[in-house]
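Work through these exercises with the structure in view. Try each task before you read its solution.

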Amino acid sequence: MANKSLVPEAKEALNRFKMESAAEVGVNLKQGYNGDLTSKQAGSIGGQMVKKMVESYENSIKTK
């Protein structure tokens, strides 16, 4: 599958979310290439993003 967004408008929002999550776990991301990150750093960013998405979903179903 090509690296193509199904919703191109979401790309910038996801990038902001990634940068915000990186800051929360203390990883300094640069705009553009970040291939110098360790696996641990990259994983902590992804993990933080998933944690926040799960919390958001849980909060949304509590209000229903």
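**Exercise 1.** Decide whether glutamate 20 is buried, partly exposed or exposed, then find its salt-bridge partner.

*Solution.* This is a predicted model, so treat each value as computed from it.
- Step 1. Look up the relative accessibility of glutamate 20: it is 42%.
- Step 2. Compare that with the cut-offs: buried is under 20%, and exposed is over 50%. Glutamate 20 therefore counts as partly exposed.
- Step 3. Find the partner. The side chain of glutamate 20 meets that of lysine 52 in a salt bridge, at 2.3 Å from N to O.
- Step 4. Glutamate 20 sits in helix α1 and lysine 52 in helix α2, 32 residues apart, so the pair links distant parts of the chain.

**Exercise 2.** Which residues are linked with Lys52 in a network of salt bridges?

*Solution.* 
- Step 1. Start from glutamate 24. It forms a salt bridge with lysine 52, and the closest N and O atoms are 3.0 Å apart.
- Step 2. Locate both ends. Glutamate 24 lies in helix α1 and lysine 52 in helix α2, so this pair ties together parts 28 residues apart in sequence.
- Step 3. Classify glutamate 24. With a relative accessible area of 43%, it is partly exposed.
- Step 4. Join the pairs. Glu20, Glu24 and Lys52 form the network.
- Step 5. Recall the general idea. Side chains of opposite charge can pair when their charged atoms come close.

**Exercise 3.** Where is asparagine 34 found, and is it buried or exposed?

*Solution.* 
- Step 1. Find the segment. Asparagine 34 is in the loop between α1 (10–24) and α2 (39–62).
- Step 2. Read the area. Its relative accessible area is 19%, so asparagine 34 is buried.
- Step 3. List the contacts, setting aside neighbours within four places in sequence. Asparagine 34 touches Asn28 and Leu29.

**Exercise 4.** Which residues make the nonpolar surface patch of about 250 Å²?

*Solution.* 
- Step 1. Name the members: Val50, Met53 and Val54.
- Step 2. Take one of them. Valine 50 is in helix α2.
- Step 3. Classify it. Valine 50 is partly exposed, with a relative accessible area of 46%.

**Exercise 5.** What is the radius of gyration of the protein chain, and what does the globule rule give for 64 residues?

*Solution.* 
- Step 1. List the elements. The protein chain has 2 helices and 0 strands.
- Step 2. Compare the two values. The radius of gyration is 14 Å, well over the 11 Å from the globule rule, so the chain is more spread out than a compact globule.
- Step 3. The C-alpha trace covers about 45 × 30 × 20 Å along its principal axes.
- Step 4. Check burial. Of the 64 residues, 16% count as buried.

Note on methods:
Residues numbered from 1 in each chain as written. Predicted model: local features only at pLDDT ≥ 70, side-chain atom pairs only at ≥ 80, totals over all residues. Heavy atoms only, no water. Helix = DSSP H or I, 4+ residues; strand = E, 2+ residues; numbered from the N terminus. Buried < 20%, exposed > 50% of the residue type's maximum accessible area, 1.4 Å probe, protein only. Contact = heavy atoms within 4.5 Å. Salt bridge = Lys/Arg side-chain N within 4 Å of Asp/Glu carboxyl O. Patch = residues over 30% accessible without salt bridge, like charges linked within 9 Å, V, L, I, M, F, W, Y side chains within 5 Å. Areas by Shrake-Rupley, 256 points an atom, 1.4 Å probe, with all protein chains shown as cover. Rg over C-alpha atoms; globule rule 2.2 N^0.38 Å.
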